[in-house]
Amino acid sequence: MTDKGQFVWKRRHLVGLDELSAAEILHILDTAESFREVSTRSIKKVPALRGKVVALLFFEDSTRTRMSFELAASRLSADTVLFTAKGSSLAKGETTLDTARNIEAMGVDIFVIRHGQAGAPHMLARKLRSSVINAGDGQHEHPTQALLDIFTIRQRLGRIEGLKVAIVGDIAHSRVARSNIIGLRKLGAEVVVVGPPTLVPSAISAMGCDICHHLDDVLGEVDVINILRIQFERFGGNLFPSVREYSRLYGMNAERLKRCKKDVLIMHPGPINRGVEMTSDVADGPNSCILQQVTNGLAVRMAVLYLVSQGTE
Amino acid sequence: MNDILITNGRVIDPASGLDAVADVAIAKGRIVRVAPPGRISRRAREVIDARGKIVAPGLIDLHVHCREPGHEEEETIATSAAAAVAGGFATICAMPNTHPPMDDEAAIQYVLQRCQEADLARVLPIGCITKAREGKELAEMAMMHSAGAVAFSDDGDGVASTAVMYRALQYAKLLDVPLMQHCQDPDLLTGEMNSGAVAVRMGMGGIAAAGEQIMLRRDLELVERTAARYHMCHVSTAGSVRLLREAKAAGLPVTAEAAPHHLLLTDAACEGFDPVYKVNPPLRTAEDVQAVREGVADGTIDCLATDHAPHAAEEKELEFGLAPFGVMALECALGLYVKALIDTKLLDWPGLIARMTINPARVIGQELGTLAAGAVADVTIIDPNRRWTVRAERFRSKSRNCPYDGWRLRGRPVMTIVGGVIKYAG
C-alpha cells in the first residue's frame with residue numbers, strides 16, 4: 001500500500017482509467033480536491049504550468065470538455081493552442097499522427113486529444129515526446145469525465161467503496177460508461193448497467209458489472225443513477241424503435257425518483273435531452289448534481305494537467 | 001546425367017505415403033526417381049547433401065495477395081514470388097482483389113507474364129467470381145480458366161447475393177474448379193475486430209462469428225443443391241469448423257484452409273490498438289484458435305494458406321479503426337505452422353507437409369505437390385530443427401506489417417527448387 005502522503009505520480013500520459021491503479025485514481029481525486037479551492041479565489045490562477053504549452057486537439061465536436069480543459073490550463077498559467085477538425089483528418093489528406101507531430105514541432109508540452117477513433121490517444125502517446133491526455137476516444141474511454149463523476153460522488157456521498165451505481169442508456173456506444181465502470185470497480189463500487197439489449201452488449205459483464213434491462217428493477221437499490229445522453233443518430237441502426245418508447249422504459253421522472261433511495265444521486269454527463277432521458281424536475285431537483293459535475297470537472301482537469309506535467313514515464 | 005541429386009534427406013511425400021531417408025534425382029525439370037541412399041548414380045550436375053533435413057514436395061500457398069496490379073508500392077508479383085521461395089513455397093496462388101480486380105482473360109495473362117518475368121515461384125492466378133468483384137454479374141470464368149486461372153474468388157468480400165452465388169456454383173461446374181469463398185455476411189460486418197469481451201472493453205465495433213457462419217451455412221445449402229466444388233478461405237471460428245466437419249461427413253465436395261494468425265493469435269492481441277493485428281476475418285478467441293487447430297489436425301481443414309496481405313507502413317500507422325485489414329506471413333509461415341501444429345503434437349511432419357503440398361494441389365486441380373517419378377520437380381528442403389528469429393526488415397516482401405516480427409521459431413526452408421531449378425538457397 002502506498003501512503004497517500006508519500007505517493008509519487010509517475011505517468012506522463014493519461015490515456016485511460018484502464019491503465020491506472022486504485023491508488024493513482026485516488027491520488028488524482030486528492031490532487032483535484034486541492035485545486036478546487038483555486039476557483040473560489042478572486043484571482044483564479046496558480047503558476048503551476050507557467051511557460052508550458054497545452055495543445056487541445058479536438059477531432060470531434062465538444063463544448064464542455066474543451067472549455068473545461070482550456071480553462072483548467074489557463075488557471076494553471078499554461079498557454080493553450082486549439083486545433084479543431086470535424087470528421088477524420090484523413091479527409092484533408094493528413095493523418096492524425098502527422099497533424100500531431102506538426103503541432104508538436106511548434107513546441108508543445110501536453111496534448112489533450114479528443115478523437116472519433118478508439119485508441120487514437122494511445123497511438124499518439126506511443127509516438128510523441130509530449131504528454132497525452134485522452135479527452136474521449138471513440139467509444140472507448142473518457143477518463144476525465146469518469147474522474148469528475150467519481151469525484152462528485154465522493155464529495156456528495158462521502159465514499160465510493162460499497163456504493164451501488166446504475167449507469168443507464170446507450171452503454172454499447174458510450175465511452176463515459178466504460179471509463180465509469182472501470183474507475184468505479186477499481187475503487188470498490190458495484191456497477192449495474194441498464195438499457196435495452198441492443199444498447200447493452202452482454203460481453204460488458206466481463207468488465208465486472210451487472211446487467212439489467214429494466215430500470216424499474218434497480219431503482220430502489222442503487223445509491224447513484226448516472227444517466228447517459230441518448231444519441232439520436234443511433235436510431236438509423238434500428239437500435240431502438242423510437243424516442244417515445246425509450247423514454248417510457250428508461251426515462252427518469254418524478255414518479256420513478258419516488259421509488260429510489262431518498263438521497264439517491266442523479267448524474268448526467270451532458271448535454272441533456274430534457275424530457276427524453278430525464279424530466280426537468282429531476283434534472284433541476286435536489287437529488288441532481290449535474291452542475292456540480294461540471295464545476296468539479298475543472299478541478300479534476302487541473303489535477304490531471306498538473307500531474308502529467310510532473311510525470312517521468 | 002541428372003541435373004540435381006539430393007542425397008540422404010528424410011524424404012516425405014504424403015501423396016505416395018513415403019517417409020524414409022532417400023535420394024531424389026531431378027532431370028529436365030522433372031523428378032526422375034526417389035530411391036534408398038546410394039542406389040542412384042552420384043553423377044549429377046549438382047549434388048545436394050540433405051542429411052538431417054526434410055526433403056518435401058515444393059510447398060503450395062493457396063492464398064496470397066500479390067497486390068499487383070494496383071498497389072505495387074506494397075507488393076508486386078516479383079516480390080511475392082521472391083518472398084515465396086524464401087518461405088519454401090514453390091507455388092503461390094494470387095488473389096484477384098487487385099486494382100483493377102482480376103476479372104478477365106487479360107488480367108490472368110498479365111499475372112502469368114509477370115510471374116514468368118520474375119522467374120522465381122510459380123504464381124497461379126485466381127480470377128474473380130463476379131465482374132469487378134461487385135457481387136452482381138458473373139465474370140468470364142471459362143475464358144479466365146483457359147488463360148490459366150486455377151480457381152475463382154471475390155476474396156476480401158463474400159458473394160453476398162444468394163442468387164449470384166447459386167448461379168456461380170452452377171456455372172463453375174462447367175470447369176470443375178473450386179469457388180473460394182471469403183465467408184462474411186456484409187450486413188454483419190459492423191466493426192474492426194472480433195466481437196466479444198475484448199472489443200466491448202476497447203469500444204470497438206465487432207465482427208461476429210455469426211457473420212462467417214451464416215454465409216457458410218447458406219453456401220453449404222447451395223453446394224448440396226449444385227454438387228459444385230467449394231473451398232472456404234481462412235476458417236476462423238469454432239462454429240465454422242463444426243459446420244465443415246458435418247458437411248464433409250455428409251459427403252459434400254467442400255475443402256477449407258486455415259491461416260497462421262488464426263492458429264496462433266487471439267483478439268487479446270488487439271488490446272494495444274496496434275493495427276498490425278487488424279485482419280479480416282479477425283483474430284478470434286482462444287477457443288476458436290483451438291478449434292481451428294483441431295480442424296486442421298483431423299483433416300476438416302485440408303490446407304494451410306497464409307492470406308499474406310502486405311500493406312504500406314503509412315497505412316498501418318493509422319488509428320486501428322482506419323487502418324486496412326491484413327497481415328503478412330509468407331516468409332515465416334512454415335515456422336509458424338510448426339509452432340501451432342507440430343510443437344503442440346497435433347500433427348507430425350508428414351501431416352503438416354500434406355496440408356502444404358498435395359492437399360492444396362488437389363484443391364486447384366494441379367499436378368503438383370508430389371515427388372512421384374515424372375512429377376514436376378518442385379522440391380523444398382527444410383531444416384526442421386533450425387531455430388531462427390523473424391526479422392521483418394529482412395523480408396523480400398515490400399511491406400513490413402508482420403505481427404510475428406521478433407518471434408523465435410523452429411523449422412526453416414533452406415532450399416526451394418521450382419521446376420528443377422534452384423530458386424532459393426538459404
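Predicted model: local features only at pLDDT ≥ 70, side-chain atom pairs only at ≥ 80, totals over all residues.
**Exercise 1.** How many residues does the contact take from chain A and from chain B?

Residues are numbered from 1 along each chain as its sequence is written, with chains lettered from A and ligands numbered from 1 in the order in which they are written.

*Solution.* Step one: call two residues in contact if their C-beta atoms, placed from the backbone, lie within 7 Å. Step two: that gives 21 residues from chain A and 15 residues from chain B. Step three: on the chain A side, α3 (96-104), α4 (120-127) and α6 (175-186) each give two or more residues; helices here are DSSP runs (H or I, at least four residues), and strands are too (E, at least two), numbered from the N terminus. Step four: α4(A) has the largest share, 3 residues.

**Exercise 2.** Work out how α2 (residues 64-75) and α11 (residues 290-310) of chain A are arranged.

*Solution.* First, their axes (lines fitted to C-alpha atoms over the stretch in contact, with angles from 0 to 180 degrees between N-to-C directions) come within 8 Å and cross at roughly 55°. Next, α2(A) and α11(A) are therefore oblique, the class left over once angles under 35 degrees (roughly parallel), over 145 (roughly antiparallel) and 65 to 115 (roughly perpendicular) are taken out. Finally, look at who touches: A:F69 and A:A72 are among the α2(A) residues, and A:L298 and A:M302 among those of α11(A).
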